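Trainee: Could you walk me through reading a structure like this one? I'd like the general idea first, then the case at hand.

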Amino acid sequence: MSQRDLEVTCPCSWESMGPAAGCPGPLGGPVAACGMSRLLGGTLERVCKAVLLLCLLHFLVAVILYFDVYAQHLAFFSRFSARGPARALHPAASSSTNCSRPNATAPSSGLPEAPSARPGPTAPVLPPCPDSPPGLGGGRGLVSLGSDEGLIPATVLPAVGRLLIEFTSPMPLERVQRENPGVLLGGRYTPPDCTPAQTVAVIIPFRHREHHLRYWLHYLHPILRRQRLRYGIYVINQHGEDTFNRAKLLNVGFLEALKEDATYNCFIFSDVDLVPMDDRNLYRCGDQPRHFAIAMDKFGFRLPYAGYFGGVSGLNKSQFLRINGFPNEYWGWGGEDDDIFNRISLAGMKISRPDVRIGRYRMIKHDRDKHNEPNPQRFTKIQNTKLTMKRDGIGSVRYQVLEVSRQPLFTNITVDIGRPPSWPPRG
């Protein structure tokens, strides 16, 4: 009997193998051939089933990946199918008829849309920033903002409260930049964890005060970040060596900041040599014009007189326009802040101030600048604010921008504001 006949007609089973069943012994003959045949058949069956399962698994994985990659296109296709199903589902046919799609840059070839055309993921909606950031000023005692602050993450800085301000340590701009990694080019910052109600432009009148500016940036950037402000820093640099004009530079800063960002609705006007000693002194605008620097060290931490409005002040956009901005004719030191106070009073507004324990400021000691001598006309001008307010202000300011330079920590705008008149102006 041949091997083929044994495979077909073998009457033996694994249970009945042996001499009693009439089958040959286990080491040879028909039983060995019959067992090997059944073993190979079972193995092939299991291999086929495994291959089939692998194919099914591969198919399922391919389907899942396909829908995962293209699921974000479903909303896109649905939007266009409402306008024209054929064009949305068959972009190749649409391009062949020269029908342009909105915002399309080139005819479609039927391939999936380029990444720039795909609708991006929806940005998370951040909660509004609190009027008073939680825990601000919660620190006890005096805390020095040293170089170690650069190790604090840029997301949320801890509250400090009263600050120890000193101007003896060297302060290179590179160090200040390392301390404030979240500040963007031009001195812009937006809190990452909430949406501020105001966009604040901080405007500094400036000339030859680089040493003071470094200290100001070192202290103010961390303070403003802790206050959860969306802000930008603008240094308005007066070109040349003619007599300094602080109020006119502030008018220029107001206009130039709005040119860069029309959403600015709060304007803080600050001298470069004044640093707040408490981060609870919030640099924001309110229902009334705000005077921040009410207790300077040079005045014994007291308000020098009731009508004082110098140093650091803030107005929102409508308040600033309501008083026609600041006067342009105060060349030299003094008088312009009193004129601004008169304008606010004449416009029917009142000055708001922080508590004297919070509105404390340190001034960087320095000699009086050259070409910034006391203005001999200031007392006469202050008495005539009512007559000059409408004709002298933001509507009459004249200047020429010479350079706009966006630095890592601030925006520098160099301007030519002209020269003072050689004769006393009328009014």
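Mentor: Let's start with K259, which is exposed because its relative accessibility is 61%; exposed means over 50% relative accessible area, buried under 20%, partly exposed in between (1.4 Å probe, protein chains only). E256, at 9%, counts as buried. One caution: this is a predicted model, where local features need pLDDT of at least 70 and side-chain atom pairs pLDDT 80 or more, while totals for chains, interfaces and linings use all residues. Residues are numbered from 1 along each chain as its sequence is written, and side-chain values use heavy atoms, leaving out hydrogens and water.

Trainee: What links K259 and E256, and how far apart are the closest N and O atoms?

Mentor: A salt bridge is a side-chain nitrogen of Lys or Arg within 4 Å of a carboxyl oxygen of Asp or Glu. In this pair the closest N and O atoms are 3.0 Å apart. Both residues lie in helix α8, 3 residues apart, about one turn of the helix. Helices here are DSSP runs of H or I with at least four residues, strands are runs of E with at least two, and both are numbered from the N terminus.

Trainee: How many salt bridges does a search of the whole structure find?

Mentor: It finds 18. One of them pairs R209 with D273, at 3.7 Å between the closest N and O atoms. R209 lies in the loop between β3 (199–206) and α7, and D273 in the loop between β5 and β6 (274–276), so the bridge ties together parts 64 residues apart in sequence. Both partners are buried.

Trainee: And R246, which residue does its side chain meet in a salt bridge?

Mentor: D271, at 2.8 Å from N to O. R246 lies in helix α8 (residues 246–260) and D271 in the loop between β5 and β6, so this pair ties together parts 25 residues apart in sequence. R246 and D271 are both buried.

Trainee: Where is F269, and what does it touch?

Mentor: F269 sits in strand β5 (residues 266–270), and it counts as buried because its relative accessibility is 0%. Contact means heavy atoms within 4.5 Å. Leaving aside residues up to four places away in sequence, F269 touches I203, L250, G311, V312, S313, L315, F320 and F326.

Trainee: Is helix α7 mostly covered or mostly open?

Mentor: Mostly covered, with 14 of its 17 residues buried. R228, whose phi is positive, near 60°, follows α7.
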